[in-house]
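Work through these exercises with the structure open. Each task is followed by a solution in short steps.

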There are 2 protein chains.
Amino acid sequence: MSQHVFFHEELQLDSAQLNLPQDEAFHLAKVLRLKVGDAIAIINGGGISAEARIERIAMHGRSCEASCEIISARQIPPPCPALRLYVAPPKGRNMDLLLKEATELGVSRITPIICKYSVSKPDEGKEGWRQHLIVACKQSRNPWLPRIDAPISFEAVLEQGKELNFLGAVPRGGAREAMPDLEYARKNGAALWIGPEGGFSQEEENALLSKNAVPITVGNWILRVETAVPALLGFMHAILK
Amino acid sequence: MSQHVFFHEELQLDSAQLNLPQDEAFHLAKVLRLKVGDAIAIINGGGISAEARIERIAMHGRSCEASCEIISARQIPPPCPALRLYVAPPKGRNMDLLLKEATELGVSRITPIICKYSVSKPDEGKEGWRQHLIVACKQSRNPWLPRIDAPISFEAVLEQGKELNFLGAVPRGGAREAMPDLEYARKNGAALWIGPEGGFSQEEENALLSKNAVPITVGNWILRVETAVPALLGFMHAILK
């Protein structure tokens, strides 16, 4: 468990030998200063996790190569039920934090949504975001890299999401205390919707409710988005168990 | 709801007029640039929340005074059940983040514990910590300032905690899936124990289990302490509802 984890998309169940990507090799040799013969773990982001041993390290100036022998590899089943996160991105580092939290808590897909009251309206950032997801997978030993979508407007994404049993996090929705169809959600997954700091607009809230989103709240106070994501995911884990 | 919230320990239910503390007055006048006549909210950290109006602002160089008329004040009941958090502090800014998360989620008391595998062993920091709690109370509009204890060793604090129905977050404790006595916890409150990144030691885990702590886990992967706190509090909110 104290072993270092590396990420390599090309890892397969029958891989016998792998050259780590350049940045992973650099991290292995120059940052962690691992040596030939050391044991490491490798994940591929698609649920495969392997035990491996470093076979060869070569350094040419600032560039590194590292190859390893795969000792054993196994396929870890995807998290069940699948949890999907629709979230209005908070600014800068708080979005990075949120991505880590969602990965540690096993979310399968993250869709950044642009809402009426969104302050942060990133139109890209995807590559930087993916990097945070990979780091979180390695740290938490989660072999399933969450899929991350390009940011999309609330209206556009609501059209697509018909098949899901939404669980909406609607701060003002305290009136309705119905429970979602838990049996359905356990089988088919559930989606968590989290609005921006200013909340969903009344129209957005109504649109979610009309799609059978069930308002869930945790505690009595206003949560920052970075707190709401892990707290509501923890809440969902409890009710879907 | 978009109103600015200030903190003043001396606010009482029958207060008619208050001078804000120096730092709060500075924030009001110089940072937020509020004006005489503007409406504000004041909390006292002991459950009292008031609507107020700025009556007078005086600035002398960098020093500010602000007094306000209290329009109405009410006592908000304490969160029930009371949730208590025993946590091994993560390093630096992550502890600050954790304190904010716990405040937003309505924790009543936080006890930093020093465990066998603790990396961060603060012997003080209390004043800085309290400041983060106050900021979080204002942001989340939680009028109940969590009590924060001085850091204490795991062994010493376990001796004291006899009356509580512990809910321990024990990563390796997957084997035991018993549920805590929820009725008792709803009435008497519950405590959440979260160990350092390296986990509780086997002895610490056994000590918690011998005190009837129930292991709870959220998801399948390793959580950083800053994720574990909100996720497990969200989990507890769900099962104690």
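**Exercise 1. Two helices in chain A**

At what angle do helix H2 (residues 92–104) of chain A and helix H7 (residues 225–240) of chain A pack, and how far apart are their axes?

Solution. Keep in mind that this is a predicted model.

- Step 1. Two packed helices are described by the angle between their axes and the distance between the axes.
- Step 2. For helix H2 and helix H7 of chain A, the angle is about 5 degrees and the axes are 9 Å apart.
- Step 3. Angles under 35 degrees count as roughly parallel. So H2(A) is roughly parallel to H7(A).
- Step 4. Now find the contact residues. H2(A) brings Asn94(A), Leu97(A), Leu98(A), Glu101(A) and Ala102(A). H7(A) brings Val225(A), Glu226(A), Val229(A) and Pro230(A).
- Step 5. Sort the residues of this contact by class: 6 are nonpolar, 1 is polar and 2 are charged.

**Exercise 2. The pair in chain B**

Find which residues of H2(B) and H7(B) meet, and state how the two helices are oriented.

Solution. 

- Step 1. H2(B) and H7(B) pack at about 5 degrees, and their axes are 9 Å apart.
- Step 2. That angle makes H2(B) roughly parallel to H7(B).
- Step 3. On H2(B), look for Asn94(B), Leu97(B), Leu98(B), Glu101(B) and Ala102(B). They meet Val225(B), Glu226(B), Val229(B) and Pro230(B) in H7(B).
- Step 4. The contact of H2(B) with H7(B) has 6 nonpolar, 1 polar and 2 charged residues.

**Exercise 3. Where the chains touch**

Which element gives the most to the side of chain B that touches chain A?

Solution. 

- Step 1. Count the contact: 25 residues come from chain B and 25 residues from chain A.
- Step 2. On the chain B side, the elements that give two or more residues are helix H2 (93–104) and helix H7 (225–240).
- Step 3. H7(B) gives the most, with 10 residues.
- Step 4. By class, the chain B side has 13 nonpolar, 8 polar and 4 charged residues.

**Exercise 4. The crossing of H7(A) and H7(B)**

Is the crossing of H7(A) and H7(B) left-handed or right-handed? Describe its geometry too.

Solution. 

- Step 1. The axes of H7(A) and H7(B) come within 7 Å. They cross at roughly 45 degrees.
- Step 2. H7(A) and H7(B) are therefore oblique to each other.
- Step 3. The crossing of H7(A) and H7(B) is right-handed.
- Step 4. Residues of H7(A) in this contact include Leu232(A), Leu233(A), Phe235(A) and His237(A). On H7(B), Leu232(B), Leu233(B), Phe235(B) and His237(B) are among the partners.
- Step 5. The contact of H7(A) with H7(B) has 14 nonpolar, 6 polar and no charged residues.

**Exercise 5. Domains of chain A**

Solution. 

- Step 1. Chain A is divided into domain 1 (5–75) and domain 2 (83–240).
- Step 2. The contact takes 9 residues from domain 1 and 7 residues from domain 2.
- Step 3. On the domain 1 side, strand E1 (5–7) and strand E4 (48–60) are the elements that give two or more residues. E1(A) gives the most, with 3 residues.
- Step 4. The domain 1 side divides into 5 nonpolar, 4 polar and no charged residues.

**Exercise 6. Backbone exceptions**

Where is the peptide bond of chain A that is cis?

Solution. 

- Step 1. Most residues other than glycine have a negative phi, and most peptide bonds are trans.
- Step 2. The bond from Cys80(A) to Pro81(A) is cis, with omega near 0 degrees. Pro81(A) sits in the loop between strand E5 (63–75) and strand E6 (83–87) of chain A.
- Step 3. In chain B, a cis peptide bond joins Cys80(B) and Pro81(B).
- Step 4. Arg33(A) is not a glycine, yet has a positive phi of about 55 degrees. Arg33(A) lies in the loop between helix H1 (22–31) and strand E3 (39–43) of chain A.

Methods: Residues numbered from 1 in each chain as written. Chains lettered and ligands numbered in written order. Predicted model: local features only at pLDDT ≥ 70, side-chain atom pairs only at ≥ 80, totals over all residues. Axes fitted to C-alpha atoms, helices over the stretch in contact; angles between N-to-C directions. Helix = DSSP H or I, 4+ residues; strand = E, 2+ residues; numbered from the N terminus. Parallel < 35°, antiparallel > 145°, perpendicular 65-115°, else oblique. Nonpolar A, V, L, I, M, F, W, Y, C, P; charged D, E, K, R; others polar. Left-handed = near helix turned anticlockwise from the far one by under 90°. Domains from an automatic or database assignment.
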